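Work through the exercises below with the sequence and the structure in view. Try each task before reading its solution.

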Amino acid sequence: MTVIVRLFAALREAAGTDRWEAELPGGATVRVLVEAALDRHPQLEPFRPVIRAAVNDAWAGLDTGLHDGDEVALLSPVSGG
Amino acid sequence: MEIWIDITQDVLHPGPVWGWLAASEGGGVNLFLGATRRMTAGKETVQLSYEAHDTMARKEMRRLAEAAGERFDVLRVAMLHRTGIVPVSEASVIIGVASAHRAAAFEASRWLIDELKVSVPIWKQEHYADGSTEWQGEDWLR
């Protein structure tokens, strides 16, 4: 399946990109996607302890299952307001 | 309950927010404005810049506003956040609450800004006087 991965802020700057399409095996979870992203962009490794995910604009845990066409945002600690 | 959510690069003006909240005809209107401060931990800020996951941030802000309506006896909730560059002494966020009586307006405003700061996908970047920049929360990486 194909999912769209998006990065923002510090993660975007570290990886040098804000978006790509990832090919994942059926049944893959957010955790699998995070590992794939760290593999593709090793500059993200220092952020590993603090990376959280959102799937289709909602916060999602690492064990959340993904589906074809999902948009997954990898998010560093937020700092709005 | 009525809700006004916005994310914009334009300057945030409290006047129209006050006018909209006042239309609720409640007795208590609370406005919180978060502004760019000059000094933080001994370092001087020239400006802040904010970046948002726009679609998700709007949904989260709406979710928080709706939750405030459940938790507090409020009539209207406004949450506006600015993105892009926010110079010192300009507002990055406006939280506004109208309620019949003042206690709920104070409490809901406090709750909303506290919740926004932990769950809305917006990020602040410091631009310091020494020319360096830093996303908030990055210092632990160094």
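**Exercise 1. Compare the radius of gyration of chain B with the globule rule.**

Solution. Chain B has 142 residues, for which a compact globule would have a radius of gyration near 14 Å; the value for chain B is 16 Å, which agrees. Here the radius of gyration is taken over C-alpha atoms, and the rule is 2.2 Å times the number of residues to the power 0.38. Next, take the extent: the C-alpha trace of chain B spans about 50 × 25 × 25 Å along its principal axes.

Some conventions apply throughout. The model is predicted, so local features need pLDDT of at least 70 and side-chain atom pairs count only at pLDDT 80 or more, while totals for chains, interfaces and linings use all residues. Residues are numbered from 1 along each chain as its sequence is written, chains are lettered from A and ligands numbered from 1 in the order in which they are written, and side-chain values use heavy atoms, with hydrogens and water left out.

**Exercise 2. Treat chain A in the same manner.**

Solution. Chain A has two helices and five strands, and along the sequence they follow the pattern β-α-β-α-β-β-β. For its 81 residues a compact globule would have a radius of gyration near 12 Å, and chain A has 12 Å, which agrees. The C-alpha trace of chain A spans about 35 × 25 × 20 Å along its principal axes. Of the 81 residues, 49% count as buried.

**Exercise 3. Where do Glu25(B) and Ala41(B) lie, and is each buried or exposed?**

Solution. Glu25(B) has a positive phi, near 65°. Glu25(B) sits in the loop between helix H1 (14–22) and strand E2 (28–35) of chain B, and counts as exposed because its relative accessibility is 75%. Ala41(B) also has a positive phi, about 50°. Its place is the loop between strand E3 (39–40) and E4 of chain B. With a relative accessible area of 79%, Ala41(B) is exposed.

**Exercise 4. Describe the interface of chain B and chain A.**

Solution. First, count residues: 27 of chain B are in contact with 25 of chain A, where contact means heavy atoms within 4.5 Å. Second, take the area: about 2000 Å² is buried between the chains, and carbon and sulfur atoms give 57% of it. Buried area is the accessible area (1.4 Å probe) that two parts lose on being put together, summed over both.

Third, look for salt bridges (a side-chain nitrogen of Lys or Arg within 4 Å of a carboxyl oxygen of Asp or Glu). The rule finds two across this interface. One of them joins Arg12(A) to Glu51(B), with the closest N and O atoms 2.7 Å apart.

The largest share, five residues, comes from H3(B).

Terms used: Helix = DSSP H or I, 4+ residues; strand = E, 2+ residues; numbered from the N terminus. Buried < 20%, exposed > 50% of the residue type's maximum accessible area, 1.4 Å probe, protein only.
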